[in-house]
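Hello,

Here is the structure we spoke about. Please open it alongside this note, and then read on for what turned up.

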Amino acid sequence: MAAEDLPSEFDVVILGTGLAESVAAAAFSRVGQRVLHLDRRSYYAANWASFTFNALLTWIQQHQEEPQPEEVQDWSSLLEEGEELIYLSQSDSASIRNVQVFCYTSEEDEEEEEALNTTEEEPKPDSADPQAQTEPGPEEASHTEGDEPESLQLVPPAAQNQSEPSKKKISYAHLVREGRRFNIDLVSKLMYSRGSLVDLLIKSNVSRYAEFKNVTRILTFRNGRVEQVPCSRSDVFASRQLSVVEKRKLMRFLTSCAEETEEQRAYNGRPYMEFLSDQKLGDNLQHFLLHSIAMVTEATPTEEGLAATRHFLRCLGRYGNTPFLFPVYGLGEIPQCFCRMCAVFGGIYCLRHSVSCLLLDTHSNRCKAVIDSRGQRISCSHVVLEEGFVGADRKRTNTPPRFLSRAVLITDRSILPTDSEQQVSMVTVPPAAAGGPAVKMVELSPSTMTCSPGTYLVHLTCPSIGPAHQDLSPLVTSMFRTPESPDHEGPSVLWSLFFNMADGSGLEAEGHDLPENVYLSSGPDAELGHDHAIRQAESIFQKVLPEEEFCPPAPNPEDILYDGDTLGDTADGETGDTIGDITDKPPPPERRDGQNLKSE
Amino acid sequence: MHGRVKVKSTAQQEEEKKKEREKKLKIYVAARDACFSKRKEGIFDDEALQISQQLLSSNPDFATLWNYRREILMHLETVKDEDELQKIYVAELSFLESCLKVNPKSYGSWHQRLWVSTRLPKPDWARELNLCDRCLSLDDRNFHCWDYRRMVVKMSSVPVDQELAFTDRLIGSNFSNYSSWHYRSTLLPLLHPESPEPPSPCRKPPQSSPPPSPQTLSHRVCEEQLLKEYELVQNAFFTDPNDQSAWFYYRWLLGRAEREEMISCVYVSRDEERVAVAFSRPVNAEASGLLLVLDGQPQRVEWRSVHPRFKHSPVWICDLPPGTISDIPYEHNLTVHWTEKPTHRDCALYTGRSESWCRDSATDQELFRSELSVEKTSVLQSELQSCNQLQELEPLNKWCLLTIILLMRALDPLGYEKETLAHFQTLKEVDSMRSAYYSDLCSKFMIENTILKMEYAEVRVFSISDKNLTTLCHLDQLLLVTHINLSSNQLQRLPPQFAMLQCLEVLEADNNSIENLEGVYHLPKLEEVLLKNNKISSLSDLQPLASCPMLKRLDLRGNPVTQTPDIESKLAELLPSVTNLLL
């Protein structure tokens with residue numbers, strides 16, 4: 001693409017391929033807007049991305065390096081009469097901090113293990129030639145691997161017997177060799193079965209591009225032990241830890257929550273904790289309801305706690321016994337699915353491509369064009385920017401940015417092993433001390449295609465107090481075996497990553513000094529669900545096109561009329577041989593191990 | 001707008017679909033006609049198999065075509081060898097699987113599958129079980145599949161413990177599925193039969209009765225397992241007390257007692273020269289070989305039920321040949337043999353006595369505890385405690401209240417009478433749709449209690465006034481009662497069963513809503529009938545009274561019938577024996 005110039009006119013230019021930007025791109029493109037969607041990174045999904053193990057190592061290295069001073073190119077030669085330049089920030093480093101990596105396993109395989117191995121598969125080296133500009137279409141797999149720069153870790157061409165995960169300790173070399181089986185998310189979120197993301201995926205038909213797994217159980221960490229939280233009717237029935245009276249109380253509470261009552265309204269403004277303790281539920285149930293079901297703090301007001309509880313309950317049972325879904329191959333799939341939808345409707349995609357500055361019409365105070373990183377002038381009516389592109393000089397207020405603390409662990413077994421090795425667990429960890437942050441933990445099994453067989457991938461997230469390692473490592477040592485907790489009976493941590501990520505929930509849309517047709521979107525927030533990003537995308541869309549529908553259902557491919565396609569000549573696909581196939585079934589999905597979303 | 005994707009309009013899509021449908025219909029009709037004409041001509045070839053397959057795969061509920069296929073397959077059985085047949089039948093099974101995907105509840109497909117499975121030379125039952133499990137995981141109430149599965153389990157002799165584990169699994173995933181609970185109830189007695197020693201002292205069989213049949217034993221479960229089942233089912237009804245599946249299973253666990261089949265009473269009256277026999281359940285005396293032996297001589301008698309409406313009745317009557325027992329000074333010995341069971345009961349009519357009887361009293365038999373009588377009192381007591389605990393949490397739960405009532409009755413019907421009545425009151429309020437059911441049930445329990453009280457008092461007077469009775473039952477227990485007081489209840493009729501009160505002399509039933517006296521029928525000793533303030537409206541309603549020869553006093557005040565013109569003369573004509581008439 002290097003030699004080719006982009007078209008010089010678009011309706012909307014979008015910078016950044018995070019969830020909010022990608023959803024907005026799909027929405028614009030779907031209703032016929034000409035969309036140019038750019039990302040300065042070499043991969044899709046920005047801070048929402050999923051990486052193979054090797055690509056993650058590259059990402060770590062990039063973020064551990066000192067940020068290079070920005071070279072500001074002077075594009076003022078492109079200015080016309082009555083125009084002004086607004087330079088955009090080109091550095092990606094501000095949103096990620098304090099990256100720390102720990103490897104607790106041996107570098108190399110143990111000798112005897114090597115001897116047993118037989119050569120079955122040689123990992124292919126990662127693509128060394130990332131596509132600078134791609135247009136993901138339905139025919140193109142949208143894995144991130146293809147877009148990654150060459151891994152700096154040299155992949156030893158050693159072999160590994162894949163069918164028998166070794167009982168011996170998994171070595172670092174093994175992780176690197178199996179690196180392509182990992183899809184490690186930078187954010188850790190789950191999809192509420194009736195949350196706005198799932199509703200949008202269904203409504204827009206974007207769900208056809210991905211598959212999903214149920215989160216199979218909700219766990220909680222309490223008094224030093226991991227316990228299962230009974231939340232569905234059959235969980236409650238089967239629970240061994242609750243007495244029959246507790247079962248009744250829990251079920252009754254959950255049923256009574258469904259509708260707002262006078263009794264509940266009387267607690268408005270008072271802490272949810274107070275409401276719960278007045279229900280005389282007992283410690284067990286109170287803990288489950290507060291920390292695992294409502295997932296709020298003791299100080300949360302009752303109306304918010306109840307709303308969270310209701311949301312949880314509404315989501316329960318739509319697809320399984322928990323309220324949550326997780327996309328097979330990781331959360332990074334989701335923004336890419338929306339990008340694909342955008343591309344299907346004509347959106348143009350460039351990675352490693354950015355916008356250097358906005359061209360401001362001084363007369364109307366609107367952005368009339370952008371200048372891309374190659375100096376091409378592209379006129380447009382609207383611009384959507386990831387928050388990170390805006391320099392500090394454009395911020396009106398100076399509130400210090402908030403951060404999330406994240407940890408990613410690769411462990412050797414589940415924190416609560418069962419007969420099934422397919423468990424996907426949501427784990428709630430209440431604050432260690434009152435007022436401290438609650439940690440949300442997600443444990444993924446290889447069935448989600450995010451980690452290699454024999455390993456588990458554990459994500460921890462909490463609002464930052466200090467650096468991620470400081471915030472989260474005490475919990476890690478109390479739940480897992482690490483060199484600091486060598487006698488722990490829990491799973492061993494093989495490898496861990498800690499980092500802080502900017503909390504996107506702090507974005508103040510009005511807090512920036514920008515032209516009125518430039519809209520800001522933010523990165524991931526601390527919440528478990530995706531509502532924040534979806535809301536943001538929808539609100540941007542509605543500001544630009546208040547009359548248009550947001551992501552209407554995409555038509556079936558066979559109903560789309562292409563140029564020259566008239567009604568008469570649709571008879572080509574006839575089979576006519578059987579009378580059986582009255583329903584035309586869509587072709588089988590590429591990946592058959594997950595669940596497709598269906599509306600009811 | 002520029003760049004917008006063009007999509008076919010709804011009208012265009014409809015048009016296309018319509019054309020498509022018409023085309024399919026044409027093909028379908030042609031294939032159907034081809035099939036029918038082949039069948040008419042008696043052609044059983046591969047082509048017929050193919051055409052019918054195409055038709056059935058789009059409409060698996062076409063029964064005629066399944067019949068035709070079976071005819072073809074049966075024909076092929078005569079011409080192909082075993083290996084070929086195996087192949088044909090295996091192909092049929094996989095075809096059937098696709099039909100079940102179209103309609104998982106197709107009668108035709110499941111029936112065909114059953115038929116093929118039993119004819120398959122080398123059946124693969126494991127595969128069939130697997131198919132059933134898949135079907136049930138999609139819809140755990142697919143009774144077609146349950147039926148088929150039962151057959152597969154039987155044919156492949158799946159071990160019972162494996163099946164029990166299967167129900168564990170199903171109940172674990174959805175405890176509201178009664179099919180799983182019911183299946184469990186059939187498996188438990190097989191896997192955990194009750195130990196052979198006699199269960200509880202209260203059920204000590206009378207010396208004359210036969211040992212319990214293997215059938216009655218096979219419904220019981222050993223105590224250790226029962227306790228586990230109580231725990232399981234309590235988990236279910238504490239989790240969701242409004243789900244009836246668990247409650248029904250619980251009822252089954254608590255009480256599966258079967259009443260002893262016996263002659264409960266023999267009554268003989270010297271005046272009427274008549275014998276009445278009561279049984280523990282309704283029988284047909286004509287068919288069940290009832291034999292009357294008087295002083296060692298078998299008697300040729302004609303048995304009749306108390307009312308012509310009954311072919312089966314718990315009480316049967318016969319008249320002895322005139323003069324056989326009418327002489328007061330003589331003593332007679334009677335034996336009634338129930339040859340079918342076999343069992344018998346003796347009765348002696350002593351010198352100078354005008355009547356005599358022999359029976360087990362209701363108190364001896366623990367008659368009214370029978371529904372839940374299997375368990376030891378201690379077990380019932382602890383179950384009552386759990387239910388009371390649940391009731392505290394869910395004071396308005398009807399299943400819980402009803403179960404508490406049943407447990408209380410099994411433990412101490414008279415002691416818990418007050419609580420029982422209070423619970424019935426609550427039940428009628430919370431479940432008003434079934435208030436009539438609860439009223440009837442409450443009436444039944446009140447009658448049982450009154451019978452017990454009467455038995456303890458050893459009298460022949462049955463008095464149950466002002467108890468809100470809506471129905472009468474257990475009338476076979478009142479065979480010997482001479483005086484009944486039903487005043488101030490809500491009875492609407494004296495049903496045919498009332499004719500079982502063969503000794504009745506005085507009937508008090510003032511202040512009810514009685515419209516119908518069908519059961520006051522051939523009561524040989526009845527002298528007084530008091531029906532003040534009821535709803536008897538016509539003379540014909542009083543017709544049954546004409547069959548009671550001794551009736552002398554009749555109170556009809558406050559009934560619409562008294563407004564009939566010339567009522568007095570008409571009554572004198574209908575009931576000539578009545579000398580004391582109150583209108």
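Which residues are buried in helix 3 of chain B? They are B:L65, B:W66, B:Y68, B:R69, B:I72 and B:L73. Together they cover an arc of only 160° around the axis, which puts them on the same side of helix 3 of chain B. An α-helix has 3.6 residues a turn, so residues three or four places apart point the same way.

Bear in mind that this is a predicted model.

More on that helix. Helix 3 of chain B covers residues 63-79. Its 17 residues should span 24 Å at 1.5 Å a residue, and the end C-alpha atoms are 25 Å apart, which agrees. The buried residues of helix 3 of chain B are covered by elements including helix 1 (10-40), helix 2 (46-58) and helix 5 (107-119) of chain B. On the face turned away from the buried side, helix 3 of chain B carries the exposed residues B:M74 and B:T78.

Next, the strands. Look at strand 2 of chain B, residues 263-269. Of its 7 residues, 7 are buried, so strand 2 of chain B is largely enclosed by the rest of the structure. Strand 2 of chain B pairs with two strands that I want to point out.

- Strand 3 of chain B (residues 274-283) runs antiparallel to strand 2 of chain B, and 6 bridges join them. B:I263 stands opposite B:F279.

Now the overall layout. Chain B is divided into domain 1 (19-158), domain 2 (263-360) and domain 3 (459-582). The centres of domain 1 and domain 2 of chain B, taken over C-alpha atoms, are 60 Å apart.

Last, confidence. The model scores ipTM 0.76 and pTM 0.77. Chain B has a mean pLDDT of 88, and 91% of its residues reach 70 or more. One stretch of chain B needs care: over residues 197-217, pLDDT stays under 50. The model has 16 contacts beyond four places in sequence for those residues of chain B. Where pLDDT is low, the predicted coordinates should not be read in detail.

Best wishes

Technical notes:
Residues are numbered from 1 along each chain as its sequence is written. Chains are lettered from A and ligands numbered from 1 in the order in which they are written. This is a predicted model: local features need pLDDT of at least 70, side-chain atom pairs count only at pLDDT 80 or more; totals for chains, interfaces and linings use all residues. pLDDT is the predictor's confidence in each residue, from 0 to 100. Two residues are in contact if their C-beta atoms, placed from the backbone, lie within 7 Å. Helices (H or I, at least four residues) and strands (E, at least two) are DSSP runs, numbered from the N terminus. The expected span of a helix is 1.5 Å times one less than its number of residues. A residue is buried if 20 or more other C-beta atoms lie within 10 Å of its own, exposed if 12 or fewer, and partly exposed in between; C-beta atoms are placed from the backbone. The arc is that of the directions from the helix axis to the C-beta atoms. Two strands pair if DSSP finds at least two bridges between them. Domain bounds come from an automatic or database domain assignment.
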